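Hi,

Here is the structure I said I would pass on. Have a look at it first, and my notes follow below.

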Amino acid sequence: MLNPAIGKLIQNCENRYGLVNEIAYEARKIADAAIEKEEIIIEKPVSLAINKIADKRGLL
């Protein structure tokens with residue numbers, strides 16, 4: 001189960017498609033930065049992106 005819930009995240013978006021695009025964009029930035037810095041990410045980039053977006057919106 002995602003924490004925060006998808007229902008809370010989608011309240012600030014027009015639709016699910018926009019939310020998915022935003023999450024995918026953030027996840028790609030996180031993954032690319034880790035590759036560039038040669039870091040190992042234990043948590044999945046998508047989970048990190050969801051948490052980052054939720055934190056930015058004050059949901060965490």
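N51 counts as partly exposed because its relative accessibility is 25% (buried means under 20% relative accessible area, exposed over 50%, partly exposed in between, with a 1.4 Å probe and protein chains only). Before you read on: this is a predicted model, where local features need pLDDT of at least 70, side-chain atom pairs count only at pLDDT 80 or more, and totals for chains, interfaces and linings use all residues. Residues are numbered from 1 along each chain as its sequence is written, and side-chain values use heavy atoms, with hydrogens and water left out.

Back to N51, which sits in helix α3, residues 45–56 (helices are DSSP runs of H or I, at least four residues, and strands are runs of E, at least two, numbered from the N terminus). Beyond its neighbours within four places in sequence, N51 is in contact with N3, P4, E43 and L60 (contact means heavy atoms within 4.5 Å). N3 lies 48 residues from N51 in sequence, yet their C-alpha atoms are 7.7 Å apart.

E26 belongs to helix α2, residues 16–37, and counts as buried because its relative accessibility is 8%. Not counting residues up to four places away in sequence, E26 touches A49, K52 and I53.

As for the whole chain, there are three helices and zero strands. Buried residues make up 23% of the 60 residues. Of the contacts between residues at least 6 apart in sequence, 52% join residues at least 24 apart. Along the principal axes, the C-alpha atoms fill a box of roughly 35 × 20 × 20 Å.

Cheers
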